[in-house]
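Student: I would like to go through this protein with you, one feature at a time. Could we look at the model together?

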Amino acid sequence: MPFLNAHGHDWTNNYNLDGWGICLILFTILYTLFLLVCSFVLWQWRNHPVIHMRRPALAIAAVLVLHVYVIIILLVYPWNGFFPCAAEYWIMSIYLPVGIGLFQAQNQVLLLISRGQQILLTQDTYKPLPSGKNRRQYCWNAFILWCKNAKRQDVYEGFLAAGMVIQGKGAADVPWKVMVSLIIFVISRQFNSYGVVSQPTTPALCRRGWEWAPSIIWQAVWNYIAGPFLLYKIRLIRDIYNWRMQTTLAVVAGLPGTPLWLAAVYSDKINAVSKYWVPAMW
């Protein structure tokens, strides 16, 4: 059995179970087990102050959502032509941007905690009073103070949440991004026979259509607007855990992905690489 199939990832209905395909399957299994063990250990220590302040539930959710995407993409080469264009469209247009959004939301925890500490140093304090009007006044003042603090945090948190939470006001309150992707899916002949625009093409050319615009736009929003904006906001934070450096590396690591994916999809010059390292793996 050769290590590399001569035809590589050629979209035919044959599994690529050459040496490279088997290596990808084994790596997927081992990496998944490693990640699950690490997530379990992290969850067991979730109440430790150093870990608790980093919101481990959000961190684990972001990692697991993105890891499911990684599993699918690593298995594209062994699957070969059995991985349909329509499935990749929904993964890249909806699932991946949501995963990146969770990832960026986790990255902003440092900023929110830093702002919370600044608020504690500058805010007025209200001590509970025993009864009657004084107690009602205390509750009201505490509520007003909470609103002010929440408003200051929401300037950034709301920006990140916009891509995941904004919803249309239709009958079912379906997120508008899903609606946009669904409309594109329905009207395009790339994915079905009853569409009204585009023309049916080969599985390879299907990945190059205008239909992929939602995925490109949302990846750009998360990686090149939300990410750098976060780096700007945390640039002056000093912490003893090197948390700012870790957040910076996490954001910077995500910057090359989208351009490399686009280059692999739309450029014929790297087809030799794409036969074995599929574009979405970037």
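Student: How many disulfides does the structure hold?

Tutor: This is a predicted model, in which local features need pLDDT of at least 70, side-chain atom pairs count only at pLDDT 80 or more, and totals for chains, interfaces and linings use all residues. Residues are numbered from 1 along each chain as its sequence is written, and side-chain values use heavy atoms, with hydrogens and water left out. Taking a disulfide as a pair of cysteine sulfur atoms within 2.5 Å, the number held by the structure is 1.

Student: Which parts of the chain does the pair Cys 85 and Cys 206 link, and how many residues apart are they?

Tutor: The sulfur atoms of Cys 85 and Cys 206 lie 2.0 Å apart and form the disulfide. Helices are DSSP runs of H or I with at least four residues, strands are runs of E with at least two, and both are numbered from the N terminus. The pair links distant parts of the chain, with Cys 85 in α5 (residues 85–107) and Cys 206 in α9 (residues 203–206), and the separation is 121 residues.

Student: Why is the disulfide of Cys 85 and Cys 206 assigned a handedness, and which one is it?

Tutor: The assignment rests on the torsion about the S-S bond of Cys 85 and Cys 206, which is about -85 degrees. Because of that torsion, the disulfide is left-handed.

Student: Is Cys 206 buried or exposed?

Tutor: Buried stands for under 20% relative accessible area, exposed for over 50%, and partly exposed for what lies in between, with a 1.4 Å probe and protein chains only. With a relative accessibility of 3%, Cys 206 is buried.

Student: What is the count of helices and strands in the protein?

Tutor: Along the sequence the pattern reads α-α-α-α-α-α-α-α-α-α-α-α-α. Of the 282 residues in the protein, 34% are buried. The secondary structure comes to 13 helices and 0 strands.

Student: Which helix gives the largest share of the lining of the largest pocket?

Tutor: On a 1 Å grid over the protein atoms alone, a pocket is an open set of points where a 1.4 Å probe fits, with protein on both sides within 12 Å along at least five of seven lines, and lining residues have an atom within 4 Å of a point. The largest pocket holds about 1400 Å³ of space, a volume being the space filled by probe spheres set on the points, which are joined across faces, edges and corners. Its 44 lining residues have Tyr 31, Leu 66, Val 70, Phe 103 and Ala 250 closest to the centre. The largest share, 11 residues, comes from α3.

Student: How do the residues lining the second largest pocket divide by class?

Tutor: That pocket has about 330 Å³ of space, and of its 17 lining residues the closest to the centre are Trp 11, Ala 204, Ala 264, Ser 274 and Pro 279. By class, Ala, Val, Leu, Ile, Met, Phe, Trp, Tyr, Cys and Pro count as nonpolar, Asp, Glu, Lys and Arg as charged, and the others, Gly among them, as polar. The lining divides into 10 nonpolar, 3 polar and 4 charged residues.

Student: What is phi of Trp 11 near, in degrees?

Tutor: Trp 11 belongs to the segment before α1 and is partly exposed, with a relative accessible area of 22%. Its phi is a positive value in a residue other than glycine, near 70 degrees.

Student: Which side chain does the side chain of Thr 258 join in a polar contact?

Tutor: Thr 258 is placed in helix α12 (residues 257–266) and is buried, with a relative accessible area of 4%. With contact meaning heavy atoms within 4.5 Å, Thr 258 touches Gln 219, Asn 223 and Tyr 224, leaving aside residues up to four places away in sequence. A polar contact is a pair of N or O atoms within 3.5 Å, where within protein one must be able to donate a hydrogen and the other to accept it, and residues adjacent in sequence count only if both atoms are side-chain atoms. At 2.9 Å, the side chain joined to that of Thr 258 belongs to Gln 219.
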